Amino acid sequence: MKVSVSIISLIYIIVLKQCEALLYRDKVKPSNLTSLYNSRQSRIFFNLFGINNILGGGSSPISDSASDDDDDDDREEARNCTCDCGISNHENRIVGGRPTGINHYPWIARLVYDGHFHCGASLISESYVLTAAHCVRKLKRSKMRVILGDHDQSTTTDVPAKMRAVAAIIRHRSFDTDTYNHDIALLKLRKPVEFTKNIRPICLPSGADPGGKTGVVVGWGRVSEGGNLPNIVQEVEVPILTLSQCRAMKYRASRITTYMLCAGRGSMDSCQGDSGGPLLVHNGDKYEIVGIVSWGVGCGRPGYPGVYTRVSRYLNWLRINLEDNCLCS
């Protein structure tokens, strides 16, 4: 009788342990971010003979947490909060590829890889920056740093910049390395930043088509094709084209999808090194990010305006992937 009771007790313990294992198995969060490869990229130049001759290979998702716009997702979406976004410092000025005032755009960020400038980005909440998917393709998260509140990358004495390590890379899982469709990604900062006069978030777009408006591109990209990278962040005003206007340019019309927008005229254009940085428009007294520098043919070439990721097409994707992070308005 004692033997039977012992056997029953042993079976009960085994079953209980199995139940515990099933209960907690799904709570483990294995990291798939550290198996990525080294890469250095900036704004991509496509040659005149087609994109496929320059870019090859399929996309490999960096994070399973990225989702399409119409994905069902049980995660809590980002919530609004009482802070302000899109408030620039100093007066607004007419620009044409000139250096900005110190921290004129307090959301602008630099993505540094292995100690070197790599791409631009924009702060959209206390824990996330927005950039281009091609900027984070095949990068090792451990070698990435995001620098905020910076102005002149050659010195650390002009403004008190903040550096953050990257806790997670969330690249749109439909990003196409051949066409650069869905060229958008989020970087989660390992430690949130405190908003100050020099570090503040940019507003997400209201959803209205920016075609016909004048935008501002901000970044540390080259000021001319083949030129040097500047130390001081630059800004340039660019006319934003409608979709039909862009498709009527020298690009093959089918290359310009509804997830892209075009901006630029003559020498007024983004350039190599601006990748991932913002295309901004005014909405009242605030700025909104309507585009992310993505690709183009050269810099300022006639008939080839810069091509940007159309941020308004990804508002649902952003709110889902920002989880419960607070969004300023």
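This briefing looks at one strand residue and at the aromatic rings of the structure. The model is predicted, so local features need pLDDT of at least 70 and side-chain atom pairs count only at pLDDT 80 or more, while totals for chains, interfaces and linings use all residues. Residues are numbered from 1 along each chain as its sequence is written, and side-chain values use heavy atoms, with hydrogens and water left out.

- Ile 292 belongs to strand 14, residues 286–296; strands are DSSP runs of E with at least two residues, numbered from the N terminus.
- Ile 292 counts as buried because its relative accessibility is 0%, where buried means under 20% relative accessible area with a 1.4 Å probe and protein chains only.
- Leaving aside residues up to four places away in sequence, the contacts of Ile 292 include Leu 130, Asp 183, Gly 276 and Tyr 308; contact means heavy atoms within 4.5 Å.
- Gly 120 lies 172 residues from Ile 292 along the chain, with 9.2 Å between their C-alpha atoms.

**Aromatic rings**

- The count is 7 aromatic pairs, taking rings of Phe, Tyr and Trp (its six-membered ring) with centres within 6.5 Å.
- Trp 107 and Tyr 287 have ring centres 5.8 Å apart and planes at 55°, so this pair is tilted; planes under 30 degrees apart would be stacked and over 60 edge-to-face, with the rest tilted.
- That pair joins distant parts of the chain, 180 residues apart: Trp 107 is in the loop between strand 3 (98–99) and strand 4 (108–113), and Tyr 287 is in strand 14.
- Both Trp 107 and Tyr 287 are buried.
- Tyr 105, Trp 107 and Tyr 287 form a cluster through ring pairs.

How values were computed. Helix = DSSP H or I, 4+ residues; strand = E, 2+ residues; numbered from the N terminus. Buried < 20%, exposed > 50% of the residue type's maximum accessible area, 1.4 Å probe, protein only.
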